[in-house]
Number of protein chains: 2
Amino acid sequence: MTEHRITFQPSGRALNVPAGITILEAALRAGIPVEAPCGGGGTCGKCRVRVASGAAPVAPGACKLPEAELAAGWRLACATVINGPLTVEIPATPRAQSTQILTTDAGLSATFAPCVETRDVMLPPPTLADDRADTARLAEALGGPFEIAPGLLPGLPARLRAANWRVRAVLDGGRLLDALPLDAAPPVLGVAFDLGTTTVVGTLFNLQTGEPLAVASSLNGQISHGDDVVSRIRHAREHAGGAQQLRDAAVKTLNELLHSLTAQADAPATAVCHVTLAGNTAMQQLFLGLDSRALGEVPFAPVFDKALERSALHAGLAANPCARLHVFPQVGGFVGGDTVACMLAAGFDALAAPALLIDIGTNGEIALFNGREIFCASTAAGPAFEGARISRGMRAASGAIDQVALRGGDIACHILGNAAAAGLCGTALIDAAAELLRAGVLEDTGRLLEPDEAAHLPDALRGRVVMENNAPAFRLEGSVLLTQQDVRELQLATAAIRAGFETLLKIAGLEADALRDVFLAGAFGNLIRPANARRIGLLPQVPLDRIRFIGNASSLGAKTALLNHAARGRAECLRAAARHVELGSLPDFQDAFVNAMLFPEEKTA
Amino acid sequence: MTEHRITFQPSGRALNVPAGITILEAALRAGIPVEAPCGGGGTCGKCRVRVASGAAPVAPGACKLPEAELAAGWRLACATVINGPLTVEIPATPRAQSTQILTTDAGLSATFAPCVETRDVMLPPPTLADDRADTARLAEALGGPFEIAPGLLPGLPARLRAANWRVRAVLDGGRLLDALPLDAAPPVLGVAFDLGTTTVVGTLFNLQTGEPLAVASSLNGQISHGDDVVSRIRHAREHAGGAQQLRDAAVKTLNELLHSLTAQADAPATAVCHVTLAGNTAMQQLFLGLDSRALGEVPFAPVFDKALERSALHAGLAANPCARLHVFPQVGGFVGGDTVACMLAAGFDALAAPALLIDIGTNGEIALFNGREIFCASTAAGPAFEGARISRGMRAASGAIDQVALRGGDIACHILGNAAAAGLCGTALIDAAAELLRAGVLEDTGRLLEPDEAAHLPDALRGRVVMENNAPAFRLEGSVLLTQQDVRELQLATAAIRAGFETLLKIAGLEADALRDVFLAGAFGNLIRPANARRIGLLPQVPLDRIRFIGNASSLGAKTALLNHAARGRAECLRAAARHVELGSLPDFQDAFVNAMLFPEEKTA
C-alpha cells in the first residue's frame with residue numbers, strides 16, 4: 001500500500017496516510033478538527049484548506065471553489081484525494097478561534113452544597129495493640145461506615161503512611177474517593193460541562209469554596225463528521241467504527257478542556273474530583289459509547305432516561321481516577337440532558353403559571369409548562385443562527401456585523417472589533433430580517449424586493465437592493481450581502497422553532513398570551529434583540545417584559561448539579577414530569593410548519 | 001544486549017531472553033510455574049529442571065545436586081544462569097499434576113438463594129405512541145427501578161432488538177448485569193474460589209438451579225516467588241514490579257481455572273455472572289493489587305476489613321464483563337477471608353458451646369469460640385504437611401505412601417495407585433511419627449533411635465532403623481525413608497499450630513477439655529487419622545468424637561456466599577465478632593512454642 005507524508009500547518013503535525021483518502025480524513029487521523037457541516041458530502045463548501053506544497057489536482061466537477069482560489073491552492077478537504085506528499089494549511093476560522101463566547105450566563109441561584117466534600121482527619125498509626133485494617137481506622141475517624149472507591153484502595157496504605165496519618169478525606173456522598181496529605185493537599189475541584197452539538201463549554205470550580213476558577217470552550221471535535229445531530233447519528237450508523245470515532249472525538253474535546261481549565265487554575269488534573277455533564281440525547285449517548293442507532297429511525301427511542309452516574313475514568317476523562325461523572329437525565333427523542341438542565345436553570349419546578357422555554361442551538365429544544373404538565377419537543381433548527389449555511393455567515397468574532405438597525409431611512413450596521421465587515425452573525429441576521437420586513441424590503445413570504453420593484457423605497461435603502469447570481473440580495477455593509485437564499489435558511493430555521501412551540505401550545509390548550517414567562521436560552525440568547533426575534537416569529541407574540549434571557553442555561557444547569565447535590569433530585573422530578581412530543585409524527589406540526597414559513601404580522605407591545 | 005532462545009518442554013513454549021538471567025526467571029517470563037519454595041534463594045533444591053540441550057555450566061558452589069544428576073543435565077533453575085540457547089525440561093511434579101485433590105468438602109447446608117437471579121420479561125417494542133427509553137421499558141417490565149451495570153448499557157439497545165424484546169434479565173440485587181435472548185439464553189453461572197497460598201480451587205455452579213457443574217484446582221501461580229505468605233510479601237516489597245508479578249500470577253491462575261470450569265460445562269466465559277473468593281489476607285490483597293507492604297512488618301495491618309464488592313472485569317477476571325466479585329472480609333494480620341469463610345462453613349455464628357477451628361494449610365489459621373467471643377490467630381506452619389521441605393515428601397498422588405500403621409510388630413504402608421513407593425504425603429508423615437512414638441523408635445524430644453540403640457525393638461522394626469548422612473532415619477518402604485530432619489520439620493510445623501491453639505485457649509481462659517467441637521479444616525482434613533494427629537499434638541487432647549472434619553472449609557464458605565445472599569451478612573458478623581491475636585508479639589506464645597516442640601503424652605479416649 002502506497003503511503004504519503006502529510007504535514008498540517010500551523011500545528012506542524014505530520015503523519016503518513018494511505019494514498020486515496022481525502023485530506024479531510026487525513027486531518028481526522030491527525031486529530032485536527034476541520035469544519036465539515038455537511039459531513040464530508042462536498043456540498044457545503046466549509047472545509048476549505050490550502051495546499052501549500054505538493055500536487056493536489058482538482059477532479060472535474062468535484063469542487064465548487066472559484067478559479068482564483070483554486071489557483072492559490074485552496075481546496076475542499078472532503079473532495080480532495082491524496083496522491084502524493086502534501087503540506088496543508090488549516091485556516092484559523094472565527095469558529096475555531098471562538099473560545100470566549102457562549103460562556104456567559106445568568107448567575108447561580110442554588111445554595112452551595114456539593115456532593116463532594118472534604119473532611120480533615122488525623123488517624124492513630126497502627127501499633128501491636130491496635131493492628132486494625134487501614135479502612136477500619138478511617139471508618140472510625142470519619143464517624144461511620146463508608147464505601148471506598150475501588151481505584152483508591154490499592155494505593156491507600158502508602159498514601160496514609162506518606163501523609164503521616166494526617167489526611168484530607170475527599171468524600172462523594174458516602175464514598176471515599178481520595179485521601180490527600182493534609183499538610184500539602186491540592187485543591188478539590190469540579191467541572192461542569194455543557195456538551196453542545198457545535199460548542200462545548202466547561203467551567204471549573206473549587207468544590208471547597210464554590211468559587212469559579214476558570215471557563216473554557218471549544219468546538220465539539222465531532223464537527224468533522226457533520227454539523228447536526230442527524231448527520232452525526234448517520235455517521236455512527238453508516239460508517240464502520242463511526243460510533244467509536246464520534247466517541248473518541250467527544251472524549252478528546254472534553255479532555256482538552258479539562259487540561260485547559262486545570263492549567264488556568266495551576267492545578268493537577270487529578271484535582272478534578274467531580275464532573276457533571278449535560279447535552280442532548282445524541283451528544284450524551286455518543287460520548288458514553290451507547291449504541292445510538294435507534295436515534296436514526298422512528299420512533300427515536302433513547303437508551304436511558306434517568307440520570308447516569310459513571311466513573312469519569314471509565315468514560316475516558318482525564319480527571320481524578322476515582323471521580324464520578326454525572327450525566328443528566330433524558331426526556332425522550334432528542335430532548336435530552338441539556339433540556340432538563342435548562343429547565344433546572346429556569347426553575348421550571350417552581351413555576352406557578354404557564355411558561356415557555358426555548359433553547360436555540362443547532363437543535364432547538366422547547367419546553368412548555370401549562371400550569372400542570374410539561375411538554376417537551378426538539379426541532380431541527382440547523383446551524384443557521386450560528387452562521388453556517390448563510391452565504392456571509394460567521395460567528396460573533398472580529399469583523400462580524402452583530403447588529404443591524406433601521407435609522408433615518410437607511411440601515412446602520414455595528415461591526416465587532418476594529419475591523420472591516422467580513423460577514424454577519426446570527427443576531428444581525430435576525431435584526432436584518434426584522435428591519436427589512438418593517439421597511440418593506442422583505443415580504444412576509446420571505447421574498448426580497450428586486451431592484452426594479454424598489455422605486456418606492458428611500459434612496460439610501462434602494463441603493464442597497466441588488467441582484468447576485470440572478471437573485472435579489474440586500475447589501476448590508478461593504479461586500480456583506482443578505483441573499484435571498486439566506487432569508488430562506490432563516491425562514492426554515494425560524495419556522496422549525498415557531499412550529500414547535502405553536503404545536504406544543506395547541507396540545508397544551510394554551511394561547512401564547514397565557515404565557516407569563518418566555519425563557520430564551522442558548523448560544524446568543526443574551527445578545528438577541530427580542531423585538532426583532534418576535535418580529536420574525538422566533539419568539540411568540542407576548543409583551544416584551546415577559547421575555548427572560550437565561551443565557552447558556554444548559555451549562556448553568558450542569559453547574560447547579562455540580563454545586564448543589566439536591567439539584568439532581570429536582571432534575572429527576574423535571575424529567576419524570578416532562579412528556580416528550582415527537583413533532584415529526586404530528587400532522588398539526590406539518591401544518592404549523594407550513595404556516596410558520598410566512599413571517600407573522602407585527603403586534604405592538 | 002545479547003539474547004538467547006530458550007525452549008521449555010513438554011509445553012514447547014519458546015522465548016528469547018537476555019543473557020544472564022536464571023532459568024527460573026526465564027520460566028516465569030514464559031508463564032510456566034516452577035516450584036521454588038525458597039523464593040529462588042538456591043536453598044530448597046525443589047526447582048530442579050533438566051537441560052536437554054545447550055550448555056549450562058554449573059558455577060562452583062552454586063548447586064547442591066549429586067554428580068550423577070548434574071551429569072544427566074539436572075540443574076536448579078534458580079541457580080543456573082543462561083549464557084546460550086537451551087532446551088529445558090520442566091519435570092511434571094506430583095504437585096503440578098494434582099488437579100483432583102483438595103476439592104472435596106462437606107455438603108452445603110445453606111438454602112439456595114443466590115444474589116444473582118433471572119427474570120424472563122417481554123417488553124413492548126417502541127412505537128411512535130410509546131417512544132420511552134429502553135431503560136424505562138425494562139424498569140416497567142421488572143416492576144420497579146433498577147441500576148444498570150455500566151458495561152451493559154452501551155450494547156443494550158442492540159441486545160433488546162436482537163432478542164425481539166424477549167429477554168432473560170440477569171439481576172444482581174437491584175442491578176441489571178445482563179439481558180439474554182430468551183429463546184437462546186446461555187446458562188447463568190457462578191464460581192466460588194478458594195485462593196490458597198499453595199492451591200487454588202474453583203467450583204462452578206448453575207445459579208438458576210444451584211447445581212454444581214464442575215470443580216477444578218491448580219497450583220497458585222505465585223509459587224515461583226516463594227511458597228509461603230512471608231516470602232510472597234517479601235517479593236512484593238523487595239523487587240521492583242514484584243507486587244505486579246504476584247498480582248498477574250494470581251489473576252492468570254484464576255483465569256485458567258475459569259477457562260477450565262466453563263469448558264467442562266461447555267459454556268462461554270461470559271456466562272459466569274458472579275464470583276466469590278476467599279483467601280488469607282496476603283492472597284486477597286496481592287490478587288487485588290492492594291499495597292501490602294504493611295503485611296511485611298509489625299504490626300501487620302491489613303488494608304481492609306469489611307468484604308469488598310468489585311467488578312470482576314476490573315479485577316482482571318475473564319468472566320461476564322458485568323459480573324461482580326465478592327471478596328471475603330478480613331479479621332487482622334494474616335487472618336483473612338479464608339478464616340472467615342471457614343467459620344461460616346463451620347457455623348461459628350450458631351455455636352452454643354466452646355469450639356475450636358484449625359485450618360491446616362501453608363499458613364495455619366485458628367479460631368476459638370469461648371462461649372462469648374471469638375479469638376483468631378494465624379501461625380506459620382509452613383508447607384511440610386503438603387510434602388515440601390520433607391526429604392521424600394510429595395503430594396497425595398500415585399506412588400505416595402498415604403497411610404502408615406504399626407501392625408504385628410512391624411510397620412505397614414499403604415501406597416496410592418498401583419505403583420512403587422516414591423515418597424510420603426502429609427497424612428503418612430503424621431501416621432509415621434505417631435506410630436514410631438508409640439513403638440519407642442521416636443522419643444518425645446523428636447530424636448529418632450540410632451541403629452545401635454535399637455536392640456530392644458522387634459526384629460522387623462529394628463531392620464528399618466538406619467543411618468543416612470550420619471543421622472538416624474527410618475525406612476518406611478523401599479527407598480522411602482523418614483529422616484531425622486523430616487521429624488524436625490514436622491515438629492516445627494506441629495508446634496506452630498499447637499502453640500497457637502494453646503495460647504488462644506489460655507487467653508480465652510479455657511482448658512482443652514471444655515471444647516465441645518474441634519473443627520479440622522484444610523487440605524488433608526478428611527484424610528488425617530485423628531488419633532495420630534492428636535498423638536503428635538496437632539490436635540488438642542479431647543475425646544475423638546468431638547473432632548469434626550469439615551474439609552476445604554474456605555472453599556465451602558466461598559460457595560455458601562455464592563449460593564446464599566444472606567451468608568454475607570453472617571460473614572460480616574463473624575468478622576466483627578472476631579478478635580485478632582498477634583501471636584508473634586506474645587511471650588506466652590514463645591513459651592508455648594518451646595514446650596510444643598516436645599511431643600505430648602498420649603491420653604486414652
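## Two copies and their axis

Chain B is superposed on chain A by a rotation of 180 degrees with 0.0 Å of shift along the axis, and the RMSD is 0.2 Å, where the superposition is by least squares on the C-alpha atoms of residues with pLDDT of at least 70 in both copies. The two copies are thus related as by a two-fold rotation axis. The residue of chain B that comes closest to this axis is B:His314, whose C-alpha lies at 5.2 Å from the axis.

The structure is a predicted model, in which local features need pLDDT of at least 70 and side-chain atom pairs count only at pLDDT 80 or more, while totals for chains, interfaces and linings use all residues. Residues are numbered from 1 along each chain as its sequence is written, chains are lettered from A and ligands numbered from 1 in the order in which they are written, and side-chain values use heavy atoms, with hydrogens and water left out.

## The interface between the chains

In chain B, 35 residues are in contact with 35 residues of chain A, contact meaning heavy atoms within 4.5 Å. The area buried between the two chains is about 3,000 Å², and carbon and sulfur atoms give 65% of this area; buried area here is the accessible area (1.4 Å probe) that two parts lose on being put together, summed over both.

Across this interface the rule finds zero salt bridges, a salt bridge being a side-chain nitrogen of Lys or Arg within 4 Å of a carboxyl oxygen of Asp or Glu. The rule does find 15 residue pairs in polar contact across the interface, with both residues at pLDDT 80 or more. A polar contact is a pair of N or O atoms within 3.5 Å; within protein, one must be able to donate a hydrogen and the other to accept it, and residues adjacent in sequence count only if both atoms are side-chain atoms.

On the side of chain B that touches chain A, the elements that give two or more residues are helix H4 (134-142), helix H5 (156-162) and strand E14 (308-311) of chain B, where helices (H or I, at least four residues) and strands (E, at least two) are DSSP runs numbered from the N terminus. The residues of this side divide into 20 nonpolar, six polar and nine charged, with Ala, Val, Leu, Ile, Met, Phe, Trp, Tyr, Cys and Pro counted as nonpolar, Asp, Glu, Lys and Arg as charged, and the others, Gly among them, as polar.

B:Asp291 is found in the loop between helix H8 (281-287) and strand E14 of chain B. This residue is buried, with a relative accessible area of 14%, since buried means under 20% relative accessible area, exposed over 50%, and partly exposed in between (1.4 Å probe, protein chains only).

The side chain of B:Asp291 makes a polar contact with the side chain of B:Arg293, at 2.9 Å. Not counting residues up to four places away in sequence, B:Asp291 touches A:Pro154, A:Pro157 and A:Ala158 of chain A, together with B:Gln285 and B:Val303 of chain B.

## Salt bridges within the chains

A search of the whole structure finds 64 salt bridges over all chains. In one of them, the side chains of B:Glu309 and B:Arg568 meet at 3.4 Å, N to O. B:Glu309 lies in strand E14 of chain B and B:Arg568 in helix H15 (residues 567-577) of chain B, so the pair ties together parts that are 259 residues apart in sequence. B:Glu309 is partly exposed, at 33% relative accessible area, whereas B:Arg568 is buried, at 12%. In chain A, salt bridges that share partners join A:Asp172, A:Arg175, A:Glu309, A:Arg324 and A:Arg568 into one network.

B:Arg132 forms a salt bridge with B:Asp130, the closest N and O atoms being 2.8 Å apart; B:Arg132 is partly exposed at 28%, while B:Asp130 counts as buried at 17%.

## Buried places elsewhere

Helix H14 (residues 553-563) of chain B has 11 of its 11 residues buried, so the helix is largely enclosed by the rest of the structure. Among these buried residues are B:Ser554, B:Lys559 and B:Thr560.

B:Arg535, in helix H13 (residues 530-536) of chain B, counts as buried at 11% relative accessibility. Leaving aside neighbours within four places in sequence, B:Arg535 is in contact with residues including B:Arg438, B:Glu601 and B:Glu602.
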